[in-house]
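My notes follow in the order I looked things up.

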Amino acid sequence: MAENSNEQEIMTIEQLAEYLQLSETTTYKLVQNGTIPAFKLGRHWRVRKKGLEELLERPENGERL
């Protein structure tokens, strides 16, 4: 049941950075400070794609995350 990385339900910081076209450092900071909803699995951060898509739908009219 192999899936394309863009279709995965849960993404790593690396996958998220690529998806958002940000550096991994910036992405990690956004996750750590709670701007992007995430959870830790062991020592590693994970992001649910559904939660991310909901977050990205919120900003309108040039608002920042």
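In what order do the elements of the chain run from the N terminus on? I read β-α-α-β-β-α. The model is a predicted one, and I keep that in mind throughout. My tally of the secondary structure is 3 helices and 3 strands.

**Whole chain.** I looked up burial next. The chain has 65 residues, and 18% of them count as buried.

**Core.** Which residues make up the largest nonpolar core? I found 9: Met11, Ile13, Leu16, Val31, Ile36, Trp45, Val47, Leu52 and Leu55. Helix H1 (13-20), strand E3 (44-48) and helix H3 each give two or more residues to this core. In soluble globular proteins, nonpolar side chains tend to be buried together.

I then picked Val47 and listed what it touches, leaving out residues up to four places away in sequence. Among its partners are the core members Met11, Leu16, Val31, Ile36 and Leu52. Val47 also touches Glu9, Ile10, Pro37 and Ala38.

**Surface.** Which residues form a nonpolar patch on the surface? They are Tyr19, Leu56 and Leu65. Together they have about 260 Å² of accessible area. I followed up on Leu56, which sits in helix H3 (residues 49-57). Why does Leu56 count as partly exposed? Its relative accessibility is 35%, and partly exposed covers the range between under 20% (buried) and over 50% (exposed).

Methods. Residues numbered from 1 in each chain as written. Predicted model: local features only at pLDDT ≥ 70, side-chain atom pairs only at ≥ 80, totals over all residues. Heavy atoms only, no water. Patch = residues over 30% accessible without salt bridge, like charges linked within 9 Å, V, L, I, M, F, W, Y side chains within 5 Å. Areas by Shrake-Rupley, 256 points an atom, 1.4 Å probe, with all protein chains shown as cover. Salt bridge = Lys/Arg side-chain N within 4 Å of Asp/Glu carboxyl O. Helix = DSSP H or I, 4+ residues; strand = E, 2+ residues; numbered from the N terminus. Buried < 20%, exposed > 50% of the residue type's maximum accessible area, 1.4 Å probe, protein only. Core = buried A, V, L, I, M, F, W, Y, C linked by side-chain atoms within 4.5 Å. Contact = heavy atoms within 4.5 Å.
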